[in-house]
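Let's take a look at this one together, starting with a sheet and then moving on to the pockets.

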Amino acid sequence: MRATIDHVKLMRVLGLGAAVALAAAGAARAEVKISEQATQNMSCAAGVCTATAAKAVLNIGDLTNLLAAGDATVKTGSLAKDIVVKAALSWTSASRLTLDAQQTVEIAKPVTVAGDGALTITTDDGGQNGEFLIDPKQSVQFWNLSSSLIIGGNSYTLVGDIKTLAADIAGNPSGFYALAKPYDASADGTYASSAIGTTFTGWFEGLGNAVSNYRLNFRGGNTPFFGFFGQIASSGVVRDFALLDTEISGIGDAFVGTLAADNEGKIISCRMSGELSKTDPTTGVGGLVDVNGGSITKSSAKVTIQVDKGKYVGGLVAYNAGTVSRSYSEGRVLDAQSLDDSVGGLVGLNEAGDGQLLNVFSTASVRGGTNACCNLGGLIGENGGIVRSAYAAGKIGNSRNGRAVFGGVVGDDEAAPKSIKAGYWDLDKGISNPSQGAGNIPNDPGIEGLTTAQLQSGLPQGFDPKIWAQQPGKNGGFPYLIGTTAE
């Protein structure tokens, strides 16, 4: 049994008993910052520290001492809005840390529950539109799979490997699961079907952790679904997860995507890297997802895709009938012998009526292969939907005998007028003809070619500085999306 601690006495020892005024520093984010700075504007008693001003600081050492003594709670109260962890935090005791924010809890540095401890995340406590955020390449890790994790009132099952996750989801597809720490799948060998074969209807929180070296070699037929997840249902959520150094290959008709073959739910803050290859006719191949009927937000794929024949091929999504926002693709997209296909650096086909691409970009190179006669686009192979604030900055072209229709942004634009706004491509890296933003419509409205220097010199017209940023040394000097790994 844990010893009883006199928290009031501990507060006096730590010097946390009274709030300390902060000098006015102008308008800024109303937050409790957990950092290496001295504790300021926090009132602590009985293990609970509450902000006494819109801007407050809790020293990381003070918090660690509290956790060594017992459970600890950090609250914004009604004055601050968010809690941001800006210093690496680790504790080995069995204590529970509760981060309770009026709006958002953000993990900007690693958090490690190194013993038998527990973590509770509460957002929107008196506020709205808040969320639990894990910054790119940061993570929350648990060393004990029996530890407790509660997010938004839901208790999560911690898993440490793929096979356990698959078994748990098969037993309860609508459950709440979290990846406790990074997992190297090399020891698993090569999968013959999706790691998660059960249609997922629950919530998977990757906690910023990655599965590396996932290998899948499939044999298709009757259009099955192949990826890490086979299918994510409309109620399913997958977030804060990375698949790194992935290899997927196979033969036969199939829907193929690295993270998921079919997504009807929500994918948030996920990133993928690796290779996808396909040697037979296929329905489609996507760097992140094949068919998207749901939403994809703040996600990316850095992949090499090479297929002999594919109906739709995209660096991020093959066929989009949902919403893709604040996301991007890198790498290479090659369709070696297309028939009537659509190949895009970001999306193969953006479907009419449903497909929306909002604040997206691609730096992937796109190439059609021998005898190709498809639609090739720096961003989209074929577009029938909505495109807003987007650019392509990769190479575009055909190999010998290629007969594709190709454009700097869109290969074939079939959308209604004004469906594309603020769409750009790099004239130096991609197609040099300034009238060829779309392959089938000269000077297609809403699309404009810019030189590399122009794209690197400032945000293009129509790009919201609250969503986009730009500076030398980040993303090759091109505009990047705030809060993504392209930073």
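Predicted model: local features only at pLDDT ≥ 70, side-chain atom pairs only at ≥ 80, totals over all residues.

## The parallel sheet

Seven strands make up an open sheet with parallel pairing, and they run in the order β23-β26-β29-β33-β36-β40-β44. The edges belong to β23 (229-232) and β44 (410-413); each has a single partner strand, so one side of each goes without a neighbour in the sheet. From one strand to the next, the twist averages 5°.

Zooming in on one pair, β26 (residues 260-263) and β29 (residues 289-292) run parallel and are joined by three bridges. Here Asp262 sits opposite Val291 in β29.

## The largest pocket

The largest pocket comes in at about 350 Å³. It has 21 lining residues, and those closest to the centre are Ile134, Asp135, Pro136, Ser269 and Gly483. Elements giving two or more residues to this lining are β12 (132-134), β24 (237-251) and β27 (266-278), and β24 gives the most, with four.

Next up is the second largest pocket, with about 270 Å³ of space. Its lining counts 16 residues, with Glu131, Phe132, Ile151, Trp203 and Arg239 nearest the centre. At least two lining residues come from each of β15 (154-159), β19 (203-205), β24 and β27.

By class, the lining of the second largest pocket holds eight nonpolar, four polar and four charged residues.

Definitions and conventions
Residues numbered from 1 in each chain as written. Heavy atoms only, no water. Pairing = 2+ DSSP bridges. Axes fitted to C-alpha atoms, helices over the stretch in contact; angles between N-to-C directions. 1 Å grid on protein atoms, 1.4 Å probe; cavity = no way out; pocket = protein on both sides within 12 Å on 5 of 7 lines; lining within 4 Å. Points joined across faces, edges and corners; volume = space filled by probe spheres on them. Nonpolar A, V, L, I, M, F, W, Y, C, P; charged D, E, K, R; others polar.
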